[in-house]
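Here is a friendly walk through one protein model, from its overall build down to a single side chain. Please have a look at the sequence and the structure first.

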Amino acid sequence: MTRIQANLVLLLAAAIWGGGFVAQSTAMDNIQPFWFVGLRFAIATLAVLPFAWFESRKATTRLGRRDWLAFAAVGLALFGGAITQQIGLLTTTVTNSSFLTGLYVVFVPLISVIVLRRYPHWIIWPAAAMSLTGIFLMSGGQLTNLTPGDYLTIVCAFFWGVQIILAGLFVTSTGRPLALSFAQFATCSALALSFAVPTETIGWEVIRASAAEILYVGLISSGLAFVLQVIGQRYTTAPQAAIFLSSEALFGSFLGALLLGEILPPIGYVGCAIIFMAMLLVELVPELTRRRSRSVTS
């Protein structure tokens with residue numbers, strides 16, 4: 001897979017996640033957050049299991065204990081991001097949630113520099129700033145009267161940043177995206193259910209009322225989109241991945257307006273254009289730089 005193809009795969013994952021914001025929000029009318037996250041990722045675990053098994057049959061090397069522990073660490077970060085986002089949606093809008101979740105576009109390069117001492121291509125920094133500005137404009141340019149859900153979603157963005165970095169590291173070192181997906185889904189589901197059982201109530205009526213949202217988010221937004229993420233990240237960098245994945249805010253805000261009646265202010269369309277420009281820059285500038293370097297050396 002080329003870098004362009006990988007980034008398009010990540011863009012598709014972002015579009016699916018944008019729809020997931022709507023499903024996650026409407027599900028909170030019927031089901032509590034820990035049960036929702038636990039059931040969501042239980043379905044995702046079962047959905048990806050046969051593909052992970054087939055991948056293992058074709059693999060030339062076996063995964064060791066350290067690999068599975070690494071995959072579980074990705075699942076821990078996934079749980080942190082998923083549950084804080086889900087609880088946050090109880091007191092914030094789909095538009096605000098998608099905007100604040102997009103803060104991981106800043107967290108990813110910062111964590112990469114501070115923890116990994118990995119310095120990305122220089123275009124990542126202005127592109128990250130442009131993406132953050134675009135997402136901010138999509139929210140209407142107002143951050144007054146932040147709710148507890150908004151603050152939780154900022155915490156969620158940090159966990160997503162960690163998850164993106166860890167997923168990129170471990171899928172590259174092992175070459176096993178489906179095994180990683182299976183392990184992170186199973187870990188996240190187990191953690192969520194361990195909190196749900198003693199603290200929240202559940203019943204068949206509740207599950208029936210939220211079945212459509214659980215199935216969409218479990219099979220499509222989790223089972224498919226997270227697999228697309230780890231596959232795409234094999235062929236691109238974590239900061240570039242963050243830029244493309246941050247476009248989920250664009251899709252989330254659009255679908256929130258279309259399906260839930262949330263209004264995207266006129267300035268929000270300017271934000272959409274800025275995000276699109278950032279995606280083009282992060283795709284084109286490194287390629288043009290490489291071509292110029294090759295022409296100079298030749």
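Predicted model: local features only at pLDDT ≥ 70, side-chain atom pairs only at ≥ 80, totals over all residues.

Residues are numbered from 1 along each chain as its sequence is written, and side-chain values use heavy atoms, with hydrogens and water left out.

**Overall build**

The protein has 13 helices and zero strands; helices (H or I, at least four residues) and strands (E, at least two) are DSSP runs, numbered from the N terminus. A compact globule of 298 residues would have a radius of gyration near 19 Å, and the value of 19 Å for the protein agrees with that. This radius is taken over C-alpha atoms, and the globule rule is 2.2 Å times the number of residues to the power 0.38. Contacts (heavy atoms within 4.5 Å) also deserve a look: among those with a separation of 6 or more, 92% join residues 24 or more positions apart.

Some whole-chain values are collected here.

| Property | Value |
|---|---|
| Span of the C-alpha trace along the principal axes | about 70 × 55 × 30 Å |
| Share of the 298 residues that count as buried | 51% |
| Distance between the centres of the positive and negative side chains | 19 Å |

Buried means under 20% relative accessible area (1.4 Å probe, protein chains only). For the charges, Lys and Arg count as positive and Asp and Glu as negative, while His and the chain ends are not counted; each charge is placed at NZ of Lys, CZ of Arg, CG of Asp or CD of Glu.

**Nonpolar cores**

A nonpolar core is a set of buried Ala, Val, Leu, Ile, Met, Phe, Trp, Tyr and Cys residues joined through side-chain atoms within 4.5 Å. The largest one holds 64 residues, and Phe-41 and Phe-185 touch the most other members. Helix H2 (residues 33–58) gives this core its largest share, eight residues. A second, separate core has 10 residues, among them Leu-63, Leu-166, Val-171 and Leu-180.

**A closer look at Phe-36**

Phe-36 lies in helix H2 and is buried, with a relative accessible area of 0%. Leaving aside neighbours within four places in sequence, Phe-36 is in contact with residues including Gln-24, Met-28, Gln-86, Glu-213 and Val-217. The C-alpha atoms of Phe-36 and Ala-196 are separated by 8.9 Å, although the two are 160 residues apart along the chain.

Terms used. Buried < 20%, exposed > 50% of the residue type's maximum accessible area, 1.4 Å probe, protein only.
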